[in-house]
Amino acid sequence: MEKNIKLKIAGMHCVACAVSIEKSLNKIDGVNRADVNYATESANIVYSNKIVGLEAINLAIEKLGFKVVDKDESIDKIKEKEDKLLFLRLIISLIFTIPLFYISMAPMIAFIKLPYPNILSHTQDPLLFAIISFILCIPVIAFAYKFYINGFMSFMQKSPNMDTLIALGTGASVIYSVYSMYLINIGADIKPHEGLYFESAAVIITLVTLGKYLESKSRSKTNEAIKKLIKLQPKTANIIRFTKEISIPIEDIKIGDIVVVRPGERIPIDGTVIDGYSAVDESMLTGESIPVEKKMGDKVIGASINKNGFFQFRTEKIGDDTALSQIIKLIEESQGSKAPIAKLADIVSGYFVPIVLLIAIAASFAWFITTKDFNFAFTTFVSILVIACPCALGLATPTAIIVGTGKGAELGILFKNAEALETTHKIDTIMFDKTGTLTNGKPYVTDIIAKNEDYVLSLASSAERGSEHPLAEAIIRAAKGKHLALPPIRNFKNYPGYGIEVYVNDKRILLGNKKFMDKEDISIGEYEIKSNILSKEGKTSMYISEDNKLIGIIAVLDTLKEGSKETVLELNKMNIKTVMITGDNEKTAFSIAKEVNVNEFISDVLPREKSNEIKKQQQNGKIVAMVGDGINDAPALTQANVGIAIGSGTDIAIDSADIVLIKSNISDVLNAISLSKATIRNIKQNLFWAFFYNILGIPLASGVLYLFRDVLIYTRIGGGLSLILGDQFLLNPMFAALAMSFSSISVILNALRLNSFKPKNY
């Protein structure tokens, strides 16, 4: 049996860590697919539990030096603990690195006279200087033990990562420095200070630790959307049990409990009002700032705020089934998924570290052969390893996806996966369902054409009691308004796209569209002229027959939803083709299409035929979005490149849609496209700078500028570079570490700019 599980993984330091875990998992027999996301520190794994168990999967991850977070553990608490340990490591590293850096570098800064005890000078007593440097370096290396354990374990597993680069670079520096210290001790012919890289190793570790700490703090801001949502739910609820009001933890609430809500309190769970009246602020979930009136029979959403009334409601959804939990789940799933554009970074990162190792070895060997200067060659080796870490590359896509989907959720636009977020900006055709999408979905009866209007309306209302169609609600409301008696019905049958059949007093009653009448060979006859007039007015005609004879027409009109015309107009300006697809007849569809200004309309379409119409557009090379209510339009939403469901805050788990618009505001289609464009633009910026950084950094660390040393010395540019790189124009490993660390932070800060995205009011 195939199972799908999501694991939280602690201890990843870069995208190469995620790639190494992913590779290891995908090699396991029985694992069908494993996707590891560095930014969300999670793995989505599809596996066959008949072939492999979860224990084997966990063991494979832990063998690489990472920790699978137990379900009972909080990832936030683990992260908090890791951040505290990281901060402690940083402080300890600074305590030992600062004096080490000072005694090593102060004598070399000729233009500033810094106080310096001669006894520590590498020229006065090289051995004492080497021993003190060694003593100061060892605690820094010791507290960075995880770099070495994870780095070498990943190397042994043939999945080298950032830790491998740092471990090899600093490890080689320390080992070579210890060897140089031995040569100094035995009096070998070695220049003072030459061959000692203790300060470089310590500074690299310290700077990488600083970068990781700042990166971790920055990354925590990317998940603000989920954190805010989690904090919305109250911890306790007041319920009625055994005629008494008691306060209980929210986890103990059961379906069917009666919950009491007073003014100013936050509603703890989802349910239906059974007593009382109030206005409820649902803005934190739906984005709608105006409080919504709630009376008996109305739904309430957990985490919304009761403004001024007192009411009681019966709980209907608890735990993971509540609207808030579903929203959080959708955001987590979208942030954990990978956009197609992320595959480029994954592929590059997978090959990047081994290639960097080969470049470092080749470059250092070539310089040693050319210059006979081991220190020069060794410096290039360490610099390349340190600067080439692909962290920025790995963070480029997932951080933007996290912030983009979080911002969308804040605006009431839920992207169910990263692919939807990426594809939305490519849309060139949008197909709209009519009822409930372009229109309000709350039609009203305008005309009754019949010899006995009340009789026809009562029959139609009785028949429609078993239907959930918006037109049925309009007919039932009209009958209630006239206080008509409704005869009992039997043998209710629904014919999707046509109408319904019932029996009243042994008479066969059919109620539906003209196609239904034609299908049943029922003549429209004298009603045809009036029917055509109603259609031209944009009204939907419902035909009713009794024992195969037409006895009347009920005309229903649905008003355009606020913002429909403006949204379609903006889409037309964006050169996005707009199409209305409906089951209405051609004349009615033409009237609505003309009013809303869509480019095209398709009429007389059955629900199951809508997906075929989308296929036709796709076969012509179009990237199609379908906007519908998420229920009748499910096949079409699934067929579309991007399915967009117009849904309320309690209807957000629509499986067929890729995007859910919680506010049911059609103008959010435009905001979804704009947010997608902003996110993709941000990703491309991040990828450009990440690639540019490595393309620039690796040659610089390889000593390319040394080839042009003689020319650069006599130029203004060369003078500026020499202050940073030295007379040999070679990148110091310490500067490489600093650049590597802050490249990752810059990518995250750029992604966080998406939080400033402002939706337009259309």
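**Entry 1: two asparagines**

I started with Asn 597, which is partly exposed, with a relative accessible area of 43%. I'm keeping in mind that this is a predicted model. Asn 597 sits in the loop between α21 and β22 (600-602). I then checked its backbone: phi of Asn 597 is near 70°, a positive value, and the residue isn't a glycine.

Next I looked up Asn 491. Here too phi is positive, about 55°, in a residue that is not a glycine. Asn 491 is not in a loop entry of my list but in strand β16 (residues 490-495). Is Asn 491 buried, partly exposed or exposed? At 44% relative accessibility, I wrote it down as partly exposed.

**Entry 2: α19 and α21**

Helix α21 (residues 586-596) packs with helix α19 (residues 528-536) at an angle of about 20°, and their axes are 7 Å apart. So the two, α19 and α21, are roughly parallel to each other. I noted the crossing of α19 and α21 as right-handed.

Which residues meet there? From α19 I found Asn 532, Ser 535 and Lys 536, and from α21 Lys 587, Thr 588 and Ser 591. Sorted by class, this contact of α19 with α21 has no nonpolar residues, 4 polar ones and 2 charged ones.

**Entry 3: α12 and α24**

I picked helix α12 (residues 374-387) and helix α24 (residues 668-701), whose axes come within 8 Å and cross at roughly 170°. That makes α12 roughly antiparallel to α24. The crossing of α12 past α24 is right-handed.

On the α12 side I listed Thr 380, Ser 383, Ile 384 and Ile 387; they meet Tyr 693, Asn 694, Gly 697, Ile 698 and Ala 701 of α24.

**Entry 4: the nonpolar cores**

The largest nonpolar core has 71 residues. Met 12, Ile 21, Leu 25, Ile 45, Ile 57, Ile 61 and Ile 430 are the ones with the most contacts inside it. Which element gives this core its largest share? It's α24, with 9 residues. Apart from this core I found another one, of 42 residues, and Phe 129, Ala 167, Ile 204 and Ala 360 are among them.

I zoomed in on Met 12. Not counting residues up to four places away in sequence, Met 12 touches Cys 17, Ala 18, Ile 21, Val 36, Asn 37, Tyr 38, Glu 41, Ser 42 and Phe 66.

Asp 433 is in strand β14 (residues 429-433). Is Asp 433 buried or exposed? I found it buried, with a relative accessible area of 7%. Asp 433 and Ile 581 are 148 residues apart along the chain, yet their C-alpha atoms are separated by 5.3 Å. Leaving aside neighbours within four places in sequence, I listed the contacts of Asp 433 as Leu 438, Ile 581, Lys 610, Met 626, Val 627, Gly 628 and Asp 633.

Ala 555 belongs to strand β20 (residues 549-557). Its relative accessibility is 0%, so Ala 555 counts as buried. Val 445 lies 110 residues from Ala 555 in sequence and 5.9 Å from it in space, C-alpha to C-alpha. Beyond its neighbours within four places in sequence, Ala 555 has contacts including Tyr 444, Val 445, Thr 446, Asp 447 and Leu 534.

Pro 160 is in the loop between α5 (145-156) and α6 (162-185). I checked its accessibility as well: Pro 160 is buried, at a relative accessible area of 15%.

**Entry 5: the whole chain**

Last, I zoomed out. I noted 27 helices and 25 strands in the protein chain. How much of the chain is buried? Buried residues make up 54% of its 762 residues. Among contacts between residues at least 6 apart in sequence, 69% join residues at least 24 apart.

Definitions and conventions:
Residues are numbered from 1 along each chain as its sequence is written. This is a predicted model: local features need pLDDT of at least 70, side-chain atom pairs count only at pLDDT 80 or more; totals for chains, interfaces and linings use all residues. Side-chain values use heavy atoms; hydrogens and water are left out. Axes are lines fitted to C-alpha atoms, for helices over the stretch in contact, and angles run from 0 to 180 degrees between N-to-C directions. Helices (H or I, at least four residues) and strands (E, at least two) are DSSP runs, numbered from the N terminus. Angles under 35 degrees count as roughly parallel, over 145 as roughly antiparallel, 65 to 115 as roughly perpendicular and the rest as oblique. A crossing is left-handed if the near helix is turned anticlockwise from the far one by less than a right angle, and right-handed if clockwise. Contact means heavy atoms within 4.5 Å. A nonpolar core is a set of buried Ala, Val, Leu, Ile, Met, Phe, Trp, Tyr and Cys residues joined through side-chain atoms within 4.5 Å. Buried means under 20% relative accessible area, exposed over 50%, partly exposed in between (1.4 Å probe, protein chains only). Ala, Val, Leu, Ile, Met, Phe, Trp, Tyr, Cys and Pro count as nonpolar, Asp, Glu, Lys and Arg as charged, and the others, Gly among them, as polar.
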